[in-house]
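Biologist: Please take me through the model below, one point at a time.

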Amino acid sequence: MASQLSNRSLRRVLVAGALTAGVVILPAAPAMAAPLTIPGVGTFEIPDIPGLPPLNIPGLPAPGALAPQVTPAAKAVQAAESKIGAPYVYGASGPDSFDCSGLIQWAYKQAGVSLPRTSYDQAAAGTPVSRDTLMPGDVVSFYGGSHSGMYIGDGNVVHASTSGVPVKVAPVDSMPFDGARRY
């Protein structure tokens, strides 16, 4: 009897130590016992204990956690930023060279969103947003609507500015702001 008790105590200590050390990862199970095998010790049924916080291990998502969803605007920003340094060519809409509205249209196309082709049409479509509520992915119009850029955050836009100047990042304040649209 004494040896049984000490074996049980030893097993509990080993299980608790393995759990504390993060060696054992239990699958999420709805209010059922989960089998736990510790090599050289045995297999144990570990019950789901109501009120016990979930085991959180850095680098692993919490049980039932969903992966963050990437919005079309975020995908468009990533696409536009990937073209920094690409040449400006009047009337070009990618994938290797761009004019201002062609860059915006191409970037949103990579995110599965169809936008108008010209900067004037881009300035008229979508949902209007104020300058103080700009979010990454918003299409910003400059020079009375004749130029488009994409807001990327921190007061900056990515845009294809003019002949001889590649796609680049510039402050929103570096050009006369005309308005912004959200798609």
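**Burial, core and sheet**

Biologist: Is Val113 buried, partly exposed or exposed?

Modeller: The relative accessible area of Val113 is 22%. Buried means under 20%, exposed over 50%, and partly exposed in between (1.4 Å probe, protein chains only). This is a predicted model, in which local features need pLDDT of at least 70, side-chain atom pairs count only at pLDDT 80 or more, and totals for chains, interfaces and linings use all residues; Val113 is therefore classed as partly exposed.

Biologist: How many residues apart in sequence are Val113 and Ala73?

Modeller: Residues are numbered from 1 along each chain as its sequence is written, and side-chain values use heavy atoms, without hydrogens and water. Val113 lies in the loop between H3 and helix H4 (119–124), helices being DSSP runs of H or I with at least four residues and strands runs of E with at least two, numbered from the N terminus. Beyond four places in sequence, Val113 is in contact (heavy atoms within 4.5 Å) with Pro72 and Tyr108. From C-alpha to C-alpha, Val113 and Ala73 are 9.0 Å apart in space, and their separation in sequence is 40 residues.

Biologist: What arc do the buried residues of H2 cover around the axis?

Modeller: The buried residues of H2 are Ala73, Ala76, Val77, Ala79 and Ala80. They are on the same side of H2, because the arc that they cover around the axis is only 165°. The arc is taken over directions from the helix axis to the C-beta atoms. Among the elements covering these residues are H3, S5 and strand S6 (156–159), and the arc asked for is 165°.

Biologist: How many residues does the largest nonpolar core have?

Modeller: A nonpolar core is a set of buried Ala, Val, Leu, Ile, Met, Phe, Trp, Tyr and Cys residues joined through side-chain atoms within 4.5 Å. Phe98, Ala107, Tyr108, Met150 and Val167 have the most contacts inside the largest one, whose residues number 21.

Biologist: Which strands stand at the edges of the open sheet?

Modeller: Six strands form the open sheet in the order S3-S8-S4-S5-S6-S7, with antiparallel pairing (at least two DSSP bridges between two strands). Each edge strand has a single partner strand, so one side of each is left without a neighbour in the sheet; the edge strands are S3 (127–129) and S7 (168–171).

Biologist: What angle does the direction of H2 make with that of S5?

Modeller: Strand S4 (residues 139–142) pairs with S5 over four bridges in the antiparallel sense, and Phe142 stands opposite His147 in S5. H2 packs on the sheet, touching S5 and S6. Axes are lines fitted to C-alpha atoms, for helices over the stretch in contact, and angles run from 0 to 180 degrees between N-to-C directions. With S5, the direction of H2 makes about 110°.
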